[in-house]
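Visitor: Could you walk me through this model, one question at a time?
Guide: Gladly; here it is.

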Amino acid sequence: DSSGQRQAVCLLPKGSEEGKEIQLPERRFVLRLGQPVAFPLASLSGDRQLKPGEVIPADDDALLKLPPLMARLDAQAGRNEVEVMLASTLTETGVLRVDCVDANAPEKRWALEFSVRRAQRSVNSAELPVAFADTCEMIADVFLKSDKQFDPKRVKQLREDLEKKLRSRDQWDVPLLRALFDELLKGVGKRRRSVMHERVWFNLAGFCLRPGFGYPLDDWRIEQIWPLFAQGLQFPQENQSWAEWWTFWRRAAGGLNSDQQGQILDAIEKFINPVHTRNSKIQTELKVRSYEDMVRLAGSLEHLPIASKIRLGEWFVTRLGKSGETPTTWWALGRVASRIPFHGSAHSVVPRETAEQWLQFILKEDWKKSPGAAFAAVMLSRLSGDRARDIDDNLRQKVVEKLKLAKASALWLSLVTEVVTLDEGENKRIFGEALPVGLKLI
């Protein structure tokens, strides 16, 4: 409403008669024509009864969020926006029909439909390959059938079987990836059947959800997976299980908000904070926790507040000052302090002064022997065109000279000296893997 508070309007009261239209003449909205429109939907749990048009806070605990209804409504000549009233009908087939009625010409309507008996697929079936129906059966065979019915061999072979049906997974486009994720989400509860179920589910689901944003309903998908973080792993004894766990959250990190990323950092702090390196109990735990994947995840938390990023970067610098630290930490330091974030906001970039201090440390490294250090230096000194973010010109020149001595690529040099867009190969290195086919971040 005008105060900025999000509210929910009752469209379909409990016990509504099928086929009877319910009009909400007192509720009017401005509808944009010719553009994608999202209608957030929710159902009400419990015995509470609402009247048509009744308003309650959108954050009411009794509301269960459903996938939003996405639509593109036909434009009219000379009209980009229209004031509408809402009318709803529950059809005999269990479909909620919402009509947007022109407030000035009631005979004009835009009809939307949403299945209340089964969540509507968020991807147009025309965008999916013919073999998609078969892959749904494969996923159901592993994650939906009863415990007595599933074949253990099919669990291990699921990814390979999907690729045989659909083509190599690096060629799966975004509509297909999200459609597969939605099928996997139906079987999220069955991931606990066995250690292999858990590994395969997190591996495939994370791959299909990456980078956690950029496609319709991704916000809703993140809402569905976030409770899994509190639940943790069912089989935490295996290093590979932890690797899949951390990778899953790294792939989804772009869709997580600052608070959620902060909770992840809190959970891994004791393993990354160098003050705990002599704690024998923590070091014993770390042997099965896949430290390198944990570091990759930490470096991907770009929505963290500046203070948290500085703290994380200091941990990395301290660790890199000692022998034996994984080269991945250089990559993570570059992500944390990058002048141009991959998915984060420019407002939460580590201050220039802090980046310059870390660059002085990186400049002491031999970049020929440690290309990861050179990569970190490029990220910290990359030219953004924003004076508040860009490092001092004299320090930049030192980075350029050292990159030349290390025979760094022309692209790396141009990133430090010019405002340029990363190519696909460099995007892959920054993100940790290639973006889905058809998704380009701007």
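Guide: One term first: on a 1 Å grid over the protein atoms alone, a cavity is a set of points where a 1.4 Å probe fits but cannot get out. Its volume is the space filled by probe spheres set on the points. Please also keep in mind that this is a predicted model.

Visitor: Where in the protein chain is confidence highest?
Guide: The mean pLDDT of the protein chain is 86, and 86% of its residues reach 70 or more. Confidence is lowest in helix H17 (residues 424-431), at a mean of 63. The highest mean, 98, belongs to helix H11 (residues 306-320).

Visitor: How much space lies in the largest cavity?
Guide: Counting cavities of 30 Å³ or more gives one. The space in the largest cavity comes to about 40 Å³.

Visitor: Which classes of residue make up the lining of the largest cavity?
Guide: The residues that line the largest cavity are Glu302, Lys309, Arg335, Val336, Ser338, Pro341 and Val349. Val and Pro count as nonpolar, while Glu, Lys and Arg count as charged. By class, that lining has three nonpolar, one polar and three charged residues.

Visitor: How are the rings of Phe202 and Trp245 arranged?
Guide: The structure holds 14 aromatic pairs. In the pair of Phe202 and Trp245, the ring centres are 5.3 Å apart and the planes stand at 85 degrees. Planes over 60 degrees apart count as edge-to-face, so this pair is edge-to-face.

Visitor: How far apart in sequence are the parts that this pair ties together?
Guide: Phe202 lies in helix H4 (residues 195-209), whereas Trp245 lies in helix H7 (residues 239-252). The pair therefore ties together parts that are 43 residues apart in sequence.

Visitor: Are Phe202 and Trp245 buried or exposed?
Guide: Buried means under 20% relative accessible area. Phe202 has 1% relative accessibility, so Phe202 counts as buried. With Trp245 at 3%, Trp245 also counts as buried.

Visitor: What separates Trp245 and Trp249 along helix H7?
Guide: Trp245 and Trp249 form an edge-to-face aromatic pair, 5.7 Å centre to centre with 75 degrees between the planes. Trp249 is buried, with a relative accessible area of 0%. Because Trp245 and Trp249 are four residues apart in helix H7, their separation is about one helical turn.

Visitor: Which charged residue lies over the face of Trp367?
Guide: Elsewhere, the charged end of Arg210 sits over the ring of Phe207, 3.9 Å from its centre. For Trp367, the residue over the face, at 5.2 Å from the ring centre, is Lys402.

Terms used. Residues are numbered from 1 along each chain as its sequence is written. This is a predicted model: local features need pLDDT of at least 70, side-chain atom pairs count only at pLDDT 80 or more; totals for chains, interfaces and linings use all residues. Side-chain values use heavy atoms; hydrogens and water are left out. pLDDT is the predictor's confidence in each residue, from 0 to 100. Helices (H or I, at least four residues) and strands (E, at least two) are DSSP runs, numbered from the N terminus. On a 1 Å grid over the protein atoms alone, a cavity is a set of points where a 1.4 Å probe fits but cannot get out, and a pocket is an open set with protein on both sides within 12 Å along at least five of seven lines; lining residues have an atom within 4 Å of a point. Rings of Phe, Tyr and Trp (its six-membered ring) pair if their centres lie within 6.5 Å; planes under 30 degrees apart count as stacked, over 60 as edge-to-face and the rest as tilted. Buried means under 20% relative accessible area, exposed over 50%, partly exposed in between (1.4 Å probe, protein chains only). A charge sits over a ring if NZ of Lys or CZ of Arg is within 6 Å of the ring centre and within 35 degrees of the ring normal.
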